[in-house]
Amino acid sequence: MDIFIQAASLALDPWAIGAVGLGTLVGLIFGSIPGLTFTVALALALPITFSMESVPATGLLLGTYIGGMTGGSVSAILLGIPGTPSAAATVLDGYPMTLKGEASIALGTAVIASVFGGIFSLIVMIVSVDLVSRMAIGFGPAEIFALVLFGLSTICGLCGGSMLKGLISGVLGLMIMTVGLDQIEGVQRMTFGSVNLLQGVNLLVAMIGLFAVPFIIEACVGDMEAKNARVVRIRAQLPSAKLLMGRFWLMLRCSVLGTGIGAIPGTGGAIASFLAYDHARRMSKDKQSFGRGNLDGVIAPESANNAVTGGTLIPLLSLGIPGDPATAIVLAGLMIHGIMPGPALFLNHATEVYSMYVAVLVAYVWVLGLQLIGIRLFVHVLRIKRELLAVVVLILCAIGAYSVRNSAFDIYAMGVIGVAAYVFVSLQVPVTPIILGMVLGPTLENEFRTAVMLSDGNLNIFLHSPIAMIFIGLALLVIVLQSISELRVRRSIQQKVNS
């Protein structure tokens with residue numbers, strides 16, 4: 001108890017609280033700008049921590065991480081352009097709510113769901129860090145491949161009215177991610193002799209192109225008055241307590257899912273958010289409203305992807321294993337200050353660990369305050385004429401695409417992918433499965449090949465793992481159920497036409 005009191009006094013020091021607040025604000029800003037992301041913010045914040053004490057330094061990094069994860073929903077809801085890959089699922093219903101004049105409700109719900117998921121994962125991390133880390137470390141290449149395959153099956157739920165179109169988009173995403181050097185053998189794939197393509201197509205660049213460029217093209221062509229008319233009435237209205245309490249169990253289930261996914265190294269917020277979105281859609285009594293502005297479609301991915309923050313810290317602290325690039329930077333920050341994650345962490349640095357728990361809680365308080373205050377300002381972005389807003393978005397996206405790898409080629413790639421995405425949207429082909437394919441594709445391929453290499457080419461490694469078989473079975477079940485559902489819808493439509 002004395003250790004916890006000492007840790008709380010250190011973490012609640014004004015300088016420590018200020019460091020967490022600064023990190024949270026920076027993370028929110030970087031997370032809401034497509035292409036910059038909280039990973040870039042963490043990389044910039046890391047050198048600042050060199051001259052700081054360990055508790056404020058870790059608070060600054062954790063605040064940046066948490067703020068960035070939450071900030072991605074701002075541009076996703078207001079503009080339909082996700083600030084981070086984890087916010088891609090939020091676009092599906094968040095942006096349609098904006099078009100219906102419910103942007104502030106969507107933003108308020110997103111931040112409350114985010115804080116709920118983050119605090120839930122913090123509680124799980126505190127009470128069961130050893131148990132969860134042991135379970136997570138039991139996931140080998142075969143189990144992770146099966147989990148990602150199950151996540152990929154959610155494409156069936158994102159395909160709108162045609163599973164065929166959704167599968168085409170998903171396969172296209174898988175093809176795009178294979179461009180460049182093979183990560184295992186180092187051979188060139190689909191580079192066509194181009195040096196620029198050796199580095200592959202970056203996920204963030206593709207995401208900006210898929211969501212931002214169609215927005216820019218639509219804003220610059222057609223009837224401007226009609227486009228600006230739909231955002232004349234803007235309501236700065238927050239969600240009611242009754243509205244949120246009616247979704248409590250959904251937030252709880254998705255938070256559990258996000259915490260579990262986050263605890264498995266190599267997964268991440270994007271997988272958790274799409275799985276949560278698919279879960280919410282399947283459990284809903286009104287499945288047809290998803291993709292048209294259903295509030296559950298905002299709550300599910302936001303509570304899941306923020307629950308990942310606590311989940312990723314479980315293997316980081318207990319085993320010293322970072323789950324993604326962002327937590328790898330946090331790990332570097334801990335090691336710089338002499339805090340060595342691993343089994344002995346809780347014996348050698350108990351005070352610092354407890355102060356990190358408090359810092360995470362303080363970060364979510366900052367997130368809640370900054371976001372709720374900012375919502376009344378954020379929605380006024382919609383008052384800007386769309387053609388002017390498109391110019392600003394174009395400049396920010398070009399800067400974001402270039403900053404990913406300091407390559408002008410990425411700006412051209414963004415433009416080409418964006419024009420293709422505009423054509424897809426015009427043909428009513430969903431573009432979200434492309435992102436899902438690119439997000440899950442590298443993990444799917446690498447874990448499959450690693451598992452096969454470990455078994456000397458014997459595919460029975462997937463059959464001998466009960467966990468892998470469960471996830472593979474669930475993936476097949478999702479595909480079958482979605483196929484049956486689409487056949488029923490088509491049969492119903494055909495009967496109405498005939499009658």
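The residues lining the second largest pocket divide into 18 nonpolar, 17 polar and 5 charged, where Gly is among those counted as polar. This pocket holds about 1100 Å³ of space, and of its 40 lining residues the closest to its centre are P85, L203, P325, V439 and P442. A pocket here is an open set of points on a 1 Å grid where a 1.4 Å probe fits, with protein on both sides within 12 Å along at least five of seven lines, and lining residues have an atom within 4 Å of a point. Helix 20 gives the largest share of the lining, 6 residues.

The model is predicted, with local features needing pLDDT of at least 70 and side-chain atom pairs pLDDT 80 or more, while totals for chains, interfaces and linings use all residues. Residues are numbered from 1 along each chain, and side-chain values use heavy atoms, without hydrogens and water.

N202, in the loop between strand 2 (188-189) and helix 9, counts as buried because its relative accessibility is 18%, buried meaning under 20%. N202 touches V404, R405 and M438, leaving aside residues up to four places away in sequence; such contact means heavy atoms within 4.5 Å.

S121, in helix 6 (residues 103-137), is likewise buried, at 0% relative accessibility. Among the residues that S121 touches are T259, N306 and G311.

The table gives side-chain polar contacts, which are pairs of N or O atoms within 3.5 Å, one able to donate a hydrogen and the other to accept it.

| Side chain | Backbone atom | Distance |
|---|---|---|
| N202 | nitrogen of L204 | 2.8 Å |
| S121 | oxygen of A307 | 3.4 Å |
| S121 | nitrogen of G310 | 3.3 Å |

Technical notes. Points joined across faces, edges and corners; volume = space filled by probe spheres on them. Helix = DSSP H or I, 4+ residues; strand = E, 2+ residues; numbered from the N terminus. Buried < 20%, exposed > 50% of the residue type's maximum accessible area, 1.4 Å probe, protein only.
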